[in-house]
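Here are some notes to read alongside the model, written as numbered points. Please keep the structure open while working through them.

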Amino acid sequence: KKSSKKPKDSVKTLPTSLSRKELNDKWKERMEPAYAIVQLPGSRIIKLARGHPPKVNMEVSMRQGRKFITRVRGVEEYGVDGEDFCRDVMRRFACAGGVERDEPTMGNL
C-alpha cells in the first residue's frame, strides 16, 4: 500500500501572527502593477489599466548660445490638450511656444 501522508519536511507551517508591516508587504508582493488616470476636480477616472502608466518625454536641446528648446511629448495620453498646455506654459513662464503635430508615416507604395 502507498502511504497518503506527505513527508514532514514538505509540510508548510503558517505563522500564527503577523505585524501590519509584514501583512502589508505580503499583500503588495501579490498585486500586479496598475494605474488610474484621474481628471480633477471631481476625481473622474479617465483610464484604468494594468501595467505601468504611459511616459511623458521631455527633451531639452540647445539652439544657439544660451537658448534652449524644450519638447514635451506624451501628454495627450493623460487627456491634456496640446494647445491648452502650450498656452498655459507660455503664460506661466513668459516664454514662446508652439505645438507640433506628428504626421503619420506613409507605408511603401
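**Notes on helix pairs, pockets and surface**

1. Arg 87 and Asp 84 are both part of helix α2, where they stand 3 residues apart, about one turn of the helix. In this predicted model, the two form a salt bridge whose closest N and O atoms are 3.0 Å apart. Arg 87 counts as partly exposed at 43% relative accessibility, and Asp 84 is also partly exposed, with a relative accessible area of 43%.

2. A further pair in helix α2 is made by Arg 92 and Asp 88, which are 4 residues apart, about one turn of the helix. Their side chains meet in a salt bridge of 2.9 Å, taken from N to O. Arg 92 counts as exposed, because its relative accessibility of 64% lies over the 50% cut-off, whereas Asp 88 is partly exposed at 29%.

3. How many salt bridges does the structure hold? The number is 5, and one of them joins Glu 59 to Arg 73, with the closest N and O atoms 3.1 Å apart. Glu 59 lies in strand β3 (residues 57-62) and Arg 73 in strand β4, so this pair ties together parts that are 14 residues apart in sequence. Glu 59 is partly exposed, with a relative accessible area of 35%, and Arg 73 is partly exposed too, with 38%.

4. For the chain as a whole, there are 2 helices and 4 strands, which follow the pattern α-β-β-β-β-α when read along the sequence. Of the 109 residues in the chain, 6% are buried.

5. The largest pocket holds about 830 Å³ of space and is lined by 25 residues, among which Thr 70, Arg 71, Val 72, Gly 98 and Val 99 lie nearest its centre. The elements that give two or more residues to this lining are β4 (68-73) and α2 (82-93), and the largest share, 6 residues, comes from β4. By type, the lining of the largest pocket divides into 12 nonpolar, 5 polar and 8 charged residues.

6. The second largest pocket has a volume of about 160 Å³, and its lining includes Lys 12, Leu 14, Glu 29 and Arg 30. The residues of this lining divide into 3 nonpolar, 1 polar and 4 charged.

7. Phe 85 has its place in helix α2 and is partly exposed, with a relative accessible area of 33%.

Key:
Residues numbered from 1 in each chain as written. Predicted model: local features only at pLDDT ≥ 70, side-chain atom pairs only at ≥ 80, totals over all residues. Heavy atoms only, no water. 1 Å grid on protein atoms, 1.4 Å probe; cavity = no way out; pocket = protein on both sides within 12 Å on 5 of 7 lines; lining within 4 Å. Points joined across faces, edges and corners; volume = space filled by probe spheres on them. Nonpolar A, V, L, I, M, F, W, Y, C, P; charged D, E, K, R; others polar. Buried < 20%, exposed > 50% of the residue type's maximum accessible area, 1.4 Å probe, protein only. Salt bridge = Lys/Arg side-chain N within 4 Å of Asp/Glu carboxyl O.
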